[in-house]
Amino acid sequence: MLDLLGASDAGLLLPVQRFMDAGGFVLWWIFAAAIVLWTLILERYWYFRRIWPRRRDGVRRIWQARPERRSWTARRIRAAMLGEQEASMAATLPLIQVLISMCPLLGLLGTVTGMIEVFDVMSLKGTSDARAMAAGVSRATVPTMAGMVVGLSGLLSINRFRKRVRVETERLGDELAYT
């Protein structure tokens, strides 16, 4: 990877390359999952900041434009409007949750592959080559740490989004009065 970059950029990315090499191929999968996860998280932040206020105002205008709002039909329409808006607010949350759950499991896969490397070294060279075993232990611990960090960082966001969906749905329900 560093060969593709110029000499000045390679110096900046050398620590990153070493970290990725220390973690093995599983660390690249965790990195890809982290990019997708944080893209979805940033999209939800953007949605609640830019899109949601316009959608909420549009739903409110549609409801206020109805000539009658007390009948059974009006109540069903209101419930459908609320359900549709709740679904749009929570659109990517299941995928975010899957990625959050997947990252520690990928870290565990890195642990297993790293320990297999340690056992390979032990079977070929015996237990006396501590340096060779240390590389396998590194490949076992780095992906575990990375998977946990990515998962925990996403966990904070998903909890915040779930609360926001619940609060915004209740607030919109209160704004769509029956009178």
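Predicted model: local features only at pLDDT ≥ 70, side-chain atom pairs only at ≥ 80, totals over all residues.
Student: Let's start inside. Why is Thr169 called buried?
Tutor: Buried means under 20% relative accessible area. Thr169 has 14% relative accessibility, so Thr169 counts as buried. You'll find Thr169 in helix α5, which covers residues 130-175.

Student: What does Thr169 touch, leaving out residues up to four places away in sequence?
Tutor: Thr169 touches Leu82, Glu86 and Met89.

Student: Okay, and why is Trp28 called partly exposed?
Tutor: Partly exposed is the range between buried, under 20%, and exposed, over 50%. Trp28 has a relative accessible area of 36%, so Trp28 is partly exposed. Trp28 is part of helix α2.

Student: What makes the nonpolar surface patch?
Tutor: Six names to look for: Phe25, Trp28, Trp29, Phe31, Ile35 and Leu109 make a patch of about 600 Å². A patch residue needs over 30% relative accessible area, and Trp28 has 36%, so Trp28 clears that cut-off. Helix α2 (residues 25-65) gives the largest share of the patch, five residues.

Student: Which residues touch the most other members in the largest nonpolar core?
Tutor: Those are Ile30, Leu37, Phe48 and Ile96, out of 32 residues in that core. Two or more residues come from each of α2, α3 (72-89), α4 (93-125) and α5. The largest share is from α2, with 13 residues.

Student: What are the contacts of Ile96, again skipping residues up to four places away in sequence?
Tutor: Ile96 touches Leu37, Leu40, Ile41, Arg44 and Ile158. Ile96 is also one of the buried residues of α4, and others there include Leu99, Cys103, Gly110 and Val121.

Student: How do you know that α4 has close to the expected reach?
Tutor: Look at its two ends. The 33 residues of α4 reach 48 Å from the first C-alpha to the last, and 48 Å is what you'd expect at 1.5 Å a residue. After α4 comes Gly126, with a positive phi near 85°.

Student: Now the charges. Why is the pairing of Arg44 and Glu43 called a salt bridge?
Tutor: The cut-off is a side-chain nitrogen of Lys or Arg within 4 Å of a carboxyl oxygen of Asp or Glu. For Arg44 and Glu43 the N to O distance is 2.9 Å, so the pair qualifies. Arg44 has a relative accessible area of 3%, so Arg44 is buried, while Glu43 at 27% counts as partly exposed.

Student: What makes Arg66 and Glu68 a salt bridge?
Tutor: Their N to O distance is 3.5 Å, which is within 4 Å, so they pass too. Arg66, with 21%, is partly exposed, and so is Glu68, with 33%.

Student: How many salt bridges does the structure hold?
Tutor: Seven. One of them joins Glu168 and Arg171, at 3.1 Å from N to O. These two residues both lie in helix α5, three residues apart, which is about one turn of the helix. In general, an α-helix has 3.6 residues a turn, so residues three or four places apart point the same way.

Student: Are Glu168 and Arg171 buried or partly exposed?
Tutor: One of each! Glu168 is at 4% relative accessibility, so Glu168 counts as buried. Arg171 is at 40%, so Arg171 counts as partly exposed.

Student: Which residues are linked with them in a network of salt bridges?
Tutor: Arg56 and Arg164 are linked in that network together with Glu168 and Arg171.

Terms used
Residues numbered from 1 in each chain as written. Heavy atoms only, no water. Patch = residues over 30% accessible without salt bridge, like charges linked within 9 Å, V, L, I, M, F, W, Y side chains within 5 Å. Areas by Shrake-Rupley, 256 points an atom, 1.4 Å probe, with all protein chains shown as cover. Helix = DSSP H or I, 4+ residues; strand = E, 2+ residues; numbered from the N terminus. Buried < 20%, exposed > 50% of the residue type's maximum accessible area, 1.4 Å probe, protein only. Contact = heavy atoms within 4.5 Å. Core = buried A, V, L, I, M, F, W, Y, C linked by side-chain atoms within 4.5 Å. Expected span 1.5 Å × (residues − 1).
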